[in-house]
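Here is a friendly walk through a few local features of this model. Have the viewer open as you read.

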Amino acid sequence: MAAPIESLLNEICESEDPIEELKSLRTAVLATPVSGLRQAVSGARLEIIFGLLNTNDKEQIEVCVEILSRVLQALEPIQLAQNYKTALQSGLNHPNDSVKVLTLTQAIAALSKLSNTKAGLDVLFHSDLLNKMKDVMLTSDIIRYRVYELIVEVSTVSPVSLDYCANSGLISQMLEELTGDDVLVRATAIEMVTNLAQSQHGRQYLAQQGIMDKISNMINAAESDPFSSLYLPGLVKFFGSLAIMDSPQQVCEKYPVFLEVVFSMAMNLDPTLTPVALDTLGVLGNTVEGKQVLQKTGEKFTSVLKRISKVAADGATELRVRCLEALAQLLTLPVEQQTDDLLLLTESWFNCLSSQPMLMIRNISTQPFPELHCSVLRIFTAVGCQPWAQQLMMDTPGFVEWVMDRSVGTGKEAKDCKFELVGVLLSSSSAQEIFGAHNYLKLKTYLNEGPYYINAVSSVITEGAD
């Protein structure tokens, strides 16, 4: 394919109106795998295509952008940075936004790979490219966000790359967007700050800049802001992510407003806020330390559990699924994490869901919504290896038979969920004693037969039957 591409480039170079040749080239490069393009474009005069961007013909620009988007993927990052730096800088000044986005996309792809080397960082920060990016940020919000994405991606690579980005002034500029007047810009900035916090050195930098305190204050102020639903979920996700990566206890103790607003969001049933609260509670409660933090809040969390249980029983289907999934995470306690105290904790949480929690949860599974059925199975799977739950299952009439009834929940996902539940029940050393030898053997048989086993049914055809 190298020869046709080179030939088409020659034809384009000789043509006064190369749109048709450009379209042929676009077809050729799109038909060539990226791995094959690497050889095809080596030495090819791509500057021809960059040059053809300098036109007012929108169709020609569009075709050139498509060609370059594909071809530049085949270049090694250092090759792109060294050989086409001037072209990239020119692209950032182009009046057409699609060309600017192309340039930034390629810069992000190449420089993020080079940002773990001093050479790559120097290409980005010790050249005119950085100043060009700063200038082009003023042209549109989309371009500004793409530059921030690049800076965050480079910053997360290493402490050294973060220092380069911080010294550029772009991180400070991004952090200032957190408290800007435009709530949509604020929401975008929060998302980018959350991405920056994914690395330990990123979290240390944000702490040094007082960003955690600033976001905590933003949560406090959100109560009086009628537009807070646009950015409050992002603030909650930030602290939720921070708690899991560092320590739920430390984060919740240092920033108590975080847990307070999560509880409030879970109780108020706002279609925008409640799902985020449920996801956050699930992620927190899926860890031992998170369970202990939630338990320390006493009646506050008990009220939230009861609210979640009520919505799971009679709320809108999508929200019911989210509630059930959150409960499954909260109640999960693998065998290796089980202690007497933690088993008492999960048992108390389960019992506060309803006066008859086993019946309440199982009744949800009988409703004609496959997603609810699977979510219920995940709750039983979450508690299935805990002795108190196994005893409840055994004491609930017909429960064990329901588990082994293959006619209940016939979809693939339901079969997989049921199979996982049986596996978890058998993984506990208490299973044989609690369920008894007969039920234990039937569960083992179910497991051995696999999730998709179909019972053979014999039939007798009577001669003369209608």
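This is a predicted model: local features need pLDDT of at least 70, side-chain atom pairs count only at pLDDT 80 or more; totals for chains, interfaces and linings use all residues.

Residues are numbered from 1 along each chain as its sequence is written, and side-chain values use heavy atoms, with hydrogens and water left out.

I215 sits in helix α16 (residues 211–222); helices (H or I, at least four residues) are DSSP runs, numbered from the N terminus. Setting aside neighbours within four places in sequence, I215 is in contact (heavy atoms within 4.5 Å) with V193, L235, F238 and F239.

For contrast in setting, take S303, found in helix α22 (residues 299–314). At 27% relative accessibility, S303 counts as partly exposed.

Both residues have a partner further along the chain, as tabulated here.

| C-alpha pair | Separation along the chain | C-alpha distance |
|---|---|---|
| I215 and L235 | 20 residues | 6.6 Å |
| S303 and C352 | 49 residues | 9.0 Å |

## Two helices side by side

How do the axes of helix α17 (residues 232–245) and helix α20 (residues 274–285) cross? They come within 10 Å and cross at roughly 5 degrees, where axes are lines fitted to C-alpha atoms over the stretch in contact and angles run from 0 to 180 degrees between N-to-C directions. Angles under 35 degrees count as roughly parallel, so α17 and α20 are roughly parallel to each other.

On the α17 side, P233, V236, K237, G240, A243 and I244 meet V276, T280, V283 and L284 in α20. The residues of this contact divide into 7 nonpolar, 2 polar and 1 charged. Here Ala, Val, Leu, Ile, Met, Phe, Trp, Tyr, Cys and Pro count as nonpolar, Asp, Glu, Lys and Arg as charged, and the others, Gly among them, as polar.

A cavity is a set of points on a 1 Å grid over the protein atoms alone where a 1.4 Å probe fits but cannot get out, and lining residues have an atom within 4 Å of a point. By this rule there are 4 cavities of 30 Å³ or more. The second largest cavity has a volume of about 40 Å³, a volume being the space filled by probe spheres set on the points, which are joined across faces, edges and corners.

R406, V408, G409, A414, K415, K418, Y446 and P451 line the second largest cavity. Helix α29 (residues 412–427) gives the most to this lining, with 3 residues. By class, the lining has 4 nonpolar, 1 polar and 3 charged residues.

Key. On a 1 Å grid over the protein atoms alone, a cavity is a set of points where a 1.4 Å probe fits but cannot get out, and a pocket is an open set with protein on both sides within 12 Å along at least five of seven lines; lining residues have an atom within 4 Å of a point. Angles under 35 degrees count as roughly parallel, over 145 as roughly antiparallel, 65 to 115 as roughly perpendicular and the rest as oblique. Buried means under 20% relative accessible area, exposed over 50%, partly exposed in between (1.4 Å probe, protein chains only).
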